[in-house]
Amino acid sequence: MSIPAFGVGTFRLQGQVVIDSVRNALDVGYRAIDTAQIYENEAEVGQAIAESGVAREDLFLTTKIWVPNYAQDKLVPSLKASLAKLRTDYVDLTLIHWPAPGNGVSVAEFMTALADARAQGLTRQIGISNFPIAETRAAIAAVGREQIATNQIELSPYLQNAALTSFLKEQGIHVTSYMTLAYGKVLKDPVIGQIAERHNATPAQVALAWALQLGYSVIPSSTKRENLASNLLAQQLRLSDADMAQIATLERNGREVSPDGLAAAWD
């Protein structure tokens, strides 16, 4: 299993805004696109891809199943609906968006349904998103850790999540970082700014390079073509051990996303 190191996110982007963002991302060189059922933009993402002229086999497309579709009899039909919107026969990766404890569907049920979607050829790989250690263990118990391609979690210099990332590494489950810029808050951080100056880089490039050097994948979003292109250059930025040590000191449990009813107890 393989997850691209760099992709473009589409969270909170809708309508023409997401069409333009995805089109620009593909134009400047992105080949991995992350969406979700709850983003309500799968049709627009599909349109942008169709109009881009980029071959489907050259793309890595991720979507996420939303909570009302977790039940055994709903998950596969919901993914088929997502595929129709995305104008594709399959996605490369399908994630369970949140563990949503107490919603009436067990981890075992929705992971088994997700594995069934993979067996039917609707998705090449499966995984989880926003799963703490206990829920990740339950997912592993349901389908086996070798089936779980990634856990997509909020990670930034302000939320480094050492316990969970260490556990995932032990289990051989890849980490995908979202909200790597913490809604832009890390872009104003003086430590990040100093490192950026030393490397003649942008603060965004520094934060993304930090995540990449830790072995994580990143999926930053932007509505600006120049920022999309600039973010990609983080792949060429090599931070020193001293830079990485400095960023390690910024940890402050700065979680930005933890919706009631969706999030389980964090580690």
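Predicted model: local features only at pLDDT ≥ 70, side-chain atom pairs only at ≥ 80, totals over all residues.
Residues are numbered from 1 along each chain as its sequence is written, and side-chain values use heavy atoms, with hydrogens and water left out.

**Overall fold**

The protein chain has 10 helices and eight strands. Helices (H or I, at least four residues) and strands (E, at least two) are DSSP runs, numbered from the N terminus. The C-alpha atoms fill a box of roughly 55 × 40 × 30 Å along the principal axes. Of the 267 residues, 57% are buried. Buried means under 20% relative accessible area, exposed over 50%, and partly exposed in between (1.4 Å probe, protein chains only). Among contacts (heavy atoms within 4.5 Å) between residues at least 6 apart in sequence, 77% join residues at least 24 apart.

**Helices α2 and α3**

The axes of α2 (residues 42–52) and α3 (residues 72–86) come within 7 Å and cross at roughly 40°. Axes are lines fitted to C-alpha atoms, for helices over the stretch in contact, and angles run from 0 to 180 degrees between N-to-C directions. The two helices are therefore oblique to each other. Under 35 degrees counts as roughly parallel, over 145 as roughly antiparallel, 65 to 115 as roughly perpendicular, and the rest as oblique. Glu42, Ala43, Val45 and Gly46 of α2 meet Ser82, Lys85 and Leu86 of α3.

**Helix α9 and its partners**

In α9 (residues 225–232), Leu228, Ser230, Asn231 and Leu232 are buried. These buried residues pack against β1 (8–9), α1 (15–28) and α8 (203–213). Asn24 lies in α1. Leaving aside neighbours within four places in sequence, Asn24 contacts Arg225 and Leu228.

**Two residues compared**

Gln194 and Pro99 are 95 residues apart in sequence. In space, Gln194 and Pro99 are 38 Å apart, C-alpha to C-alpha.
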